[in-house]
Protein chains: 2
Amino acid sequence: MIDIDQLLQGNPRSVARAITLVEAGGPKAAALMREIFPRTGNATVIGVTGSPGAGKSSLVDKLALYYKNEGLRVGIVCIDPSSPFSGGAILGDRIRMSTLGLDKNVFIRSMATRGNLGGLSRSTVDAVAILDAAGFDKVIVETVGVGQDEVEVVKTADVSIVVLVPGMGDDIQAIKAGIMEIGDVFVINKADREGVLRTQKELEALLSLAHRPDMWNPPIVRTIATENKGIEDLAAAIEKYVNYTAMADGETIATRKEAIAQWRLLELLRERLLADLLERNGTNKELERLSAEVAAKRIDPYSVVEELVSRKRQ
Amino acid sequence: MIDIDQLLQGNPRSVARAITLVEAGGPKAAALMREIFPRTGNATVIGVTGSPGAGKSSLVDKLALYYKNEGLRVGIVCIDPSSPFSGGAILGDRIRMSTLGLDKNVFIRSMATRGNLGGLSRSTVDAVAILDAAGFDKVIVETVGVGQDEVEVVKTADVSIVVLVPGMGDDIQAIKAGIMEIGDVFVINKADREGVLRTQKELEALLSLAHRPDMWNPPIVRTIATENKGIEDLAAAIEKYVNYTAMADGETIATRKEAIAQWRLLELLRERLLADLLERNGTNKELERLSAEVAAKRIDPYSVVEELVSRKRQ
């Protein structure tokens with residue numbers, strides 16, 4: 001169904017089809033991923049996260065444009081868990097594609113959860129691997145929101161960028177405390193706004209408390225994405241970190257890569273085990289009836305799980 | 001270990017211990033949940049979500065205080081996936097508890113993920129059930145972030161509140177589009193800020209496009225939580241929706257409750273199946289070695305999963 005040769009040559013249609021396949025999951029997706037796995041590992045994967053309203057999309061677009069103008073091929077994968085079914089994301093992709101210039105060197109795709117079983121983080125990581133195998137030099141993963149899954153996905157990148165804006169308000173400390181650990185490069189976007197100095201000082205204070213196992217000192221880059229300001233500095237900071245990790249002692253990197261691999265294995269296992277259970281013994285068909293029983297409080301969910309799991313063992 | 005009678009009487013220590021138990025998961029947690037399940041269903045569960053920086057914590061505190069002054073018992077469960085291990089959340093709870101007044105009528109707890117296997121959404125829903133069984137009249141679930149899991153947790157509430165602030169910037173449309181579907185009541189907090197009218201108009205326009213199966217028209221409440229303004233209006237809006245659903249035709253409510261039950265069953269199954277697999281055949285011990293193999297690209301993750309799953313079947 002998917003022409004692997006075309007995919008590896010970066011044919012946009014083959015890439016798009018392959019991503020649709022991994023979104024759906026199942027044995028065909030697994031077979032595809034097994035086949036392309038040896039061809040991955042060449043792209044620089046850049047994770048971008050931060051608060052809603054921080055202007056991540058503009059920043060990612062400008063960064064992609066910068067790479068494109070450098071003669072590189074760029075893939076963008078966006079996770080937007082807040083719009084699971086809507087056509088909004090697809091429309092958004094089209095608008096962004098026309099801004100970025102629709103050609104073989106830029107590919108953009110929003111990931112969606114298709115139904116209850118779709119593991120959004122699993123399919124996103126697979127989509128990144130597809131773009132990597134398809135020969136894209138830079139793959140940018142952009143996440144809206146700061147949920148647990150999104151943080152995990154950003155962690156799988158080679159370099160993680162956390163985007164802040166000046167004067168965010170009272171929850172910002174909580175966010176900073178959490179994402180401080182994953183940021184390799186920090187961006188203060190909309191840097192023409194009031195409060196930029198205060199935000200920078202706060203961030204520096206927080207970063208000074210962090211003890212990174214790799215001894216890296218995360219730089220803070222100021223940007224105004226809408227005016228294309230600071231993008232070159234950001235690209236330089238990314239490059240610097242990537243070079244740093246290439247030079248760093250092998251053990252730190254190996255530990256990080258193993259943690260990513262383990263998280264990925266567990267995600268895949270969770271999805272696979274559930275799919276297997278539901279397929280067997282017509283459990284899938286029973287699910288609706290059992291849910292109704294639980295909703296009516298005739299049985300508790302833990303007892304249902306116990307029954308389904310012990311039945312499976314027979 | 002946990003005195004069920006004390007728990008059902010609302011003893012804060014028993015409640016705290018029970019929540020710690022469900023955070024850890026496992027058979028003891030399942031046994032506890034089975035036992036208290038018949039005692040749940042009396043509390044009004046209020047989900048609160050929205051952008052970081054929207055002032056959710058202040059709003060939740062003031063709402064809790066309002067209920068407390070009405071002579072009601074209030075439980076607050078916070079999800080903060082961005083700070084998985086830090087003591088920051090616990091310190092934050094203590095500060096909030098002293099603001100709210102530390103007595104038998106207010107209970108506050110931040111949920112944390114403990115390690116890789118902890119299902120944060122599962123344990124949060126369990127914690128809500130514990131507070132419900134312990135006789136709290138109102139249980140407020142507060143989420144930082146807008147990730148997929150958090151949206152699911154808020155959906156399990158009897159009434160879902162989405163908090164916005166004026167003039168959020170360019171990502172706000174994306175968030176609105178996603179959370180519009182789950183908001184039963186909308187709050188524009190920090191309503192003394194510039195841009196409140198524009199935000200209200202935008203929100204009204206978006207809401208006018210929505211088709212809710214329950215025909216409810218979500219109200220927009222303006223608050224300034226830090227000044228305790230609009231809290232009474234918010235409480236009234238919540239009450240109105242809860243009464244509306246109580247009056248609404250049984251089918252719509254049943255469908256919603258069944259969808260929640262199904263999501264909960266799937267979450268529990270995912271966690272249980274993975275735990276079972278890892279326990280058997282010493283897979284847990286092997287995980288580190290297999291992760292290293294995947295990290296070194298000697299084997300792909302899909303093949304590892306295939307092997308582990310087929311081994312289990314023997």
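These legends accompany close-up views of a predicted model.

Residues are numbered from 1 along each chain as its sequence is written, chains are lettered from A, and ligands are numbered from 1 in the order in which they are written. Because the model is predicted, local features need pLDDT of at least 70 and side-chain atom pairs count only at pLDDT 80 or more, while totals for chains, interfaces and linings use all residues.

**Figure 1. Chain A in outline.**
Chain A holds 13 helices and seven strands. Helices (H or I, at least four residues) and strands (E, at least two) are DSSP runs, numbered from the N terminus. Chain A has 314 residues, and 48% of them count as buried. A residue is buried if 20 or more other C-beta atoms lie within 10 Å of its own, exposed if 12 or fewer, and partly exposed in between; C-beta atoms are placed from the backbone. Two residues are in contact if their C-beta atoms, placed from the backbone, lie within 7 Å. Among contacts in chain A between residues at least 6 apart in sequence, 75% join residues at least 24 apart.

Helix α10(A) covers residues 231–247. Its 17 residues should span 24 Å at 1.5 Å a residue, and its end C-alpha atoms are 24 Å apart, which agrees. The expected span is 1.5 Å times one less than the number of residues. Which residues of α10(A) are buried? They are I231(A), L234(A), A237(A), I238(A) and Y241(A). Seen down the axis of α10(A), these buried residues fall within an arc of 120°, so they line one face of the helix. The arc is that of the directions from the helix axis to the C-beta atoms. An α-helix has 3.6 residues a turn, so residues three or four places apart point the same way. The face turned away from the buried side of α10(A) carries the exposed residues E239(A), N243(A), A246(A) and M247(A). The buried residues of α10(A) pack against β1 (44–50), α4 (56–69), β5 (159–164), β6 (185–188) and β7 (220–222) of chain A.

**Figure 2. Strand β2 of chain A between two partners.**
Strand β2(A) runs over residues 74–79. Six of its six residues are buried, so β2(A) is largely enclosed by the rest of the structure. On one side sit V74(A), I76(A) and C78(A); on the other sit G75(A), V77(A) and I79(A). In a regular strand the side chains alternate between the two faces of the sheet. Two strands pair if DSSP finds at least two bridges between them. β2(A) pairs with β3 (residues 106–111) of chain A in the parallel sense over six bridges. There, C78(A) has S110(A) as its bridge partner. β2(A) also pairs with β4 (residues 138–143) of chain A, in the parallel sense and over six bridges. I76(A) has I140(A) as its bridge partner in β4(A).

**Figure 3. Helices α11 and α12 of chain A.**
Helix α11(A), residues 250–279, packs on helix α12(A), residues 283–295, at an angle of about 90°. Their axes are 6 Å apart. Axes are lines fitted to C-alpha atoms, for helices over the stretch in contact, and angles run from 0 to 180 degrees between N-to-C directions. L277(A), L278(A) and E279(A) in α11(A) meet T283(A), N284(A) and L287(A) in α12(A).

**Figure 4. The sheet of chain B.**
Seven strands form an open sheet in chain B, in the order β3-β2-β4-β1-β5-β6-β7, with parallel pairing. Its edge strands are β3 (106–111) and β7 (220–222) of chain B, each pairing on one side only. Neighbouring strands of this sheet are turned by 20° against each other on average, direction ignored. I188(B) stands opposite R222(B) in β7(B). Helix α6(B), residues 120–133, packs on the sheet and touches β1, β2, β3 and β4 of chain B. The direction of α6(B) makes about 175° with that of β2(B). Helix α10(B) lies across β1, β5, β6 and β7 of chain B, at about 170° to β6(B).

**Figure 5. F136(B) in its loop.**
F136(B) lies in the loop between α6 and β4 of chain B. Is F136(B) buried or exposed? F136(B) counts as buried because it has 26 C-beta neighbours inside 10 Å. Leaving aside neighbours within four places in sequence, F136(B) is in contact with A43(B), R73(B), V74(B), G75(B), F107(B) and L131(B). N217(B) is 81 residues away along the chain, and the C-alpha atoms of F136(B) and N217(B) are separated by 28 Å.
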